[in-house]
Amino acid sequence: MLGMAKQLLQLQAATHRWNGARRRQPLAPSPPRHAPAARAGRFAACFLACLLALAAGAVLTLCITLHRPEPDASAAASPRGSGYAVVINTWKRYDLLKRAVAHYSVCAGVDAIHVVWSEPREPPEALRRSVLNCSRAAADVGFVMNRGNSLNNRFRPIQGLRTDAVFSVDDDLVVPCSTLRFAFGVWQSAPSAMVGFVPRMHWPADPRGNTKEYRYGSWWSVWRTGTYSMVLSKASFFHRRYLDLYTNHMLPSIRDYVTENRNCEDIAISFLVANVTGVPPIWVQGRIYEIGSTGISSSKGHDLRRSRCLNAFASMYGLMPLVASTVKAVDSRTSWFW
C-alpha cells in the first residue's frame with residue numbers, strides 16, 4: 001500500500017510539472033480583431049484603389065485611341081481598274097474644289113478624279129492648271145464638260161472611266177481617306193447597291209390611311225427610328241452602269257423634273273437603283289465634314305419640296321421602289337460602340 005501511494009504521489013507531481021510548463025510556454029499572438037469601422041475603412045480604400053486603376057486604364061486606352069495614327073493615306077494607288085473614281089460635283093466654289101481635289105488625290109484606291117463642270121463658260125486655263133496642280137499623287141484629274149446647267153449632269157456617263165466603282169461627292173464635303181477606304185470595302189461586298197454616308201427615309205404621309213402619298217424623312221427621322229431607304233449621292237458609292245441607266249434609260253420625265261426644279265437628283269438615282277435591284281442601300285457610319293456654306297437643304301420648305309419629289313417620282317414609276325432598311329455598316333476597329 002505504501003509503495004502504491006508513493007507511485008501515485010510521484011505521478012501527481014509529474015502532472016503538475018507538465019501543466020506548469022505549458023502555462024509558462026509563450027503562446028503565438030492571436031490576430032488582432034479589427035473594429036467594424038476599421039474594416040469599413042479598409043474596404044473603402046481598396047474600392048477607391050480599384051476605381052483609380054480602372055480610370056487610369058480608361059485614360060490610357062483613350063489616349064491610345066485618340067493618338068492612333070491613321071492608315072497611310074498616301075499609299076501607292078491601286079492597279080488600274082481595281083480602285084474607284086471620285087466624281088466631284090462643283091459650282092463656282094473654286095477654293096473648295098481645289099481643296100477637295102488635293103484631299104482625294106492622296107487617298108489609297110483612287111484611280112482618277114473627275115470634276116463635273118456645268119457652268120456656262122469653260123473653266124479658265126489658270127483654274128485648270130491650279131486644279132491639276134492640286135493633285136498630290138498619281139491619280140489623274142480631269143474635267144467633265146457639260147453644255148447645260150443641270151443637276152442631272154453629275155450622273156452622265158464619263159468617257160475613259162476605268163473603274164466599276166464611282167464615288168460621287170459634292171465639292172464641300174470631305175470624307176477622311178480611312179473612312180472612304182472602309183466604305184469602298186463595303187461597296188465591294190455589294191456592288192449593285194448604293195453605299196453612302198448620308199441616310200434619308202420616305203414615310204407614308206398617313207400611316208393609318210390607304211393613300212399612297214409619302215413625306216420626306218430628314219436625318220432626324222433616321223436618327224430617331226434607325227430606319228432609312230436612301231443614301232444621298234452627295235457622298236456615296238455606286239456602280240458605273242447606273243450612270244448609263246440614269247442618262248439613257250430612266251424616264252425622261254424624271255430628268256426633266258430634276259432640271260426644272262433644280263432639286264432631287266439624289267432621290268431620282270435612289271429610285272433608279274432600288275427599282276433595278278429591289279434591295280435597300282447601305283448606310284456607312286463614318287466621319288464626314290461639310291466645309292462649305294449651307295446649301296438648299298437648309299432653306300425653308302426644303303422637306304416639303306423633297307416630299308413632292310417622292311410623290312412625283314412614285315407616280316411616274318407607278319409604284320414606290322424604295323426599300324427601307326435598319327442595317328448600318330460600322331468599322332468596329334475605330335468605334336467604341338457599334
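Me: What does the accessible surface of the protein chain come to, and what percentage belongs to carbon and sulfur atoms?
Reply: About 19,800 Å², with 58% belonging to carbon and sulfur atoms; that's Shrake-Rupley with a 1.4 Å probe, and for residues only the protein chains shown count as cover. Bear in mind that this is a predicted model, where local features need pLDDT of at least 70, side-chain atom pairs count only at pLDDT 80 or more, and totals for chains, interfaces and linings use all residues. Residues are numbered from 1 along each chain as its sequence is written, and side-chain values use heavy atoms, leaving out hydrogens and water.
Me: How many helices and strands?
Reply: Ten helices and 13 strands, taken as DSSP runs numbered from the N terminus (helices H or I, at least four residues; strands E, at least two).
Me: Switching topic: how many cavities of 30 Å³ or more are there?
Reply: Two. Of its 13 lining residues, Ser270, Val273, Ala274, Val279 and Pro281 are the closest to the centre. A cavity here is a set of points on a 1 Å grid over the protein atoms alone where a 1.4 Å probe fits but cannot get out, and lining residues have an atom within 4 Å of a point. The volume is the space filled by probe spheres set on points joined across faces, edges and corners.
Me: Which element gives the largest share of that lining?
Reply: α9, with three residues. Both α9 (265-277) and β9 (230-231) supply at least two.

Terms used
1 Å grid on protein atoms, 1.4 Å probe; cavity = no way out; pocket = protein on both sides within 12 Å on 5 of 7 lines; lining within 4 Å.
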